[in-house]
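Morning, everyone. Please look at the structure as I bring it up, and then I'll walk you through a few spots.

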Amino acid sequence: MMNLEDFLNNYMNIGLNPYIVLNDNEPLLLESDTDSLEVLSISNPLVGKYIKEKKLVLQKNDWKKYTGYFIKCAKNSFGNAQTCFLTSEEGLEQRVQNIIVVEEGGHLELFTGCLSGKHVKGNIHRSVTDIFVGENATLIFNMIHSWGSTSKVYPNVKVHVAKGGKYISNYIVWEKVKEIISNPTVEVDDGGQTILNSLSYIHPKSNMDLGGNIKLLGKDSVGEIHSSAVNGGGDFVTNTILEGVGDNSKGHIDCNALLLNDGAKVTAIPQLFSKNSNTQLTHEAFLGKVSSEEIEYLQTKGFSHDDAEEIVVKGFVNKSIVGMPEKVQERMLDILEKAKLGF
Amino acid sequence: MGDMFKVKNLSVTVDGQEIITDLTQDFTVPVGKFFVLFGPNGCGKSTLFRACMGFSKYEVSGDILLDGKKMNGLKIDKRVKSGLAYMYQNPPSLKGVKFEDVAKESIGDDLVWKEYSKDIDSLDARKFLKRDINVGLSGGEVKRSELLSLAILEDTKVFLFDEPDSGIDLDNLKKVGEYMGDLLKKKKAMGIIVTHSGDILKYIDAVKGAVMYRGKIACVGKPMEILECIKEKGYSKCVNCEEVKK
């Protein structure tokens, strides 16, 4: 188990209750059930019963031992919670299966962090997460990573957004990590909406593959993918796919990446597929170094080149987090302040 | 004040094209006063300022001297710290970067920032302090924002004002002009100003002027007289003006 000191030093408790912690591959210890929010261990038989009753189709895994949670926000209810994945053993492969359900008309906000102890090297996190956003329901899923510099992270997320539902993902990786491959798939029904935001800092010797696949299946469905990255010398790939199927479906992809040095590598692969002439899909991208015009402008205000670059990058981050929940923005700015932008 | 700011045998090349050729000129005027630089579009006025500030893409030979100290080779921020400040004609927009955050970082002390309250009010600047720098501002607001950013610099000896009167209405013209004069007095500095219309001259104490033409100084004299001459005869006549012949 991770010791308390490591935990407190690494993870900021934003004060939400319940606080769901998954440690290594141990079962979730604290289950809870209120009128609005039910939190169960994935191994609880009640979970299987609910899945069967609702005929939910899950992604498969062949793990023998794994941890995970089941979170359900009840019909027409409001709920929020924070969750955390911990790895405390060196070389451990954490395996997680999660299920999140927001029933019809419900509204759930999740704040998730991931971290490993300072002494933990070479850990791997694999997860399979199935998310079901019911009719006219909303899920705002916020993830702020704090893995170690040798951690490898492979989440596999599949989301289904029912009629009139909304799924918003804010995925932030700023601290050191060895590798992350995260390409969630989101299927959107009639009048549904999804927005996948990601903001990342890629450290030297780090590989990051952050993208997403949105299938706009329903009439009037809407999907957006916004990828923002500051690359300090690693390898960043963003594979983003929009599929327009439903009548009058609309989607947009944009990618903005700042390359801070010659070692930084960025590959943006936006793909748009339309299977219906009545769809509208767009994409745009900017990959490049920090504008010398902006740097020189700030130099005329007395800032050194390095300080000016830091201000411009901070501005890039500020732009990228606009619209994210206040708690996420505060946490991001706190990370920036502590990390001094990480370069 | 002797030899506060001058250039000696200055040549400036941009993208392989020589814009200023072997220019020698003392721009020094007393504290609180302005030297006015006139000239048609493309004659090299802004190039002169930007070369003096050390912007990239401006290849310079000759000397740029601030209070006897050579500026050549210094980075932009070092020139600013030496006492040379520059007001952009068209500054870039910095999305996500708020004016007040940058100002506080520059000053490094919240209490000192509060001391600029009078400047903020004089420039009617409160409404854009919490906005991104130069994003969605009117022409007048951009000029006032630029001036406020100059006000917080320390130890400035020479201000270079690049067309502070372009693209602004009459109310802003008065506000900007009067503030510029106050700024010079407060900082005990002198100013060099580039203007096309000369409209701002009625609000500032300009004691010396020159016409720049094809990268050279073609005429030196009293600013208002030069302005009248330009209005009457046009820039091309300045090449043969009596002052130069003298």
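One definition before we start: helices (H or I, at least four residues) and strands (E, at least two) are DSSP runs, numbered from the N terminus. This is a predicted model, where local features need pLDDT of at least 70, side-chain atom pairs count only at pLDDT 80 or more, and totals for chains, interfaces and linings use all residues. Residues are numbered from 1 along each chain as its sequence is written, chains are lettered from A and ligands numbered from 1 in the order in which they are written, and side-chain values use heavy atoms, with hydrogens and water left out.

Start with Asp101(B). It sits in helix 3 of chain B. The cut-offs: buried is under 20% relative accessible area, exposed is over 50%, and partly exposed is in between (1.4 Å probe, protein chains only).

Next, Glu135(A). Find Glu135(A) in the loop between strand 8 (124-133) and strand 9 (138-146) of chain A. Glu135(A) is partly exposed too, because its relative accessibility is 38%. Glu104(A) is 31 residues away in sequence, yet 4.7 Å away in space, C-alpha to C-alpha.

Now strand 14 of chain A, residues 193-202. Nine of its 10 residues are buried. What pairs with strand 14? Strands pair if DSSP finds at least two bridges between them. Strand 11 (residues 166-173) runs parallel to strand 14, with eight bridges. Here Val173(A) stands opposite Ser200(A). Strand 17 (residues 222-231) is also parallel to strand 14, with 10 bridges. There, Ile195(A) faces Glu224(A).
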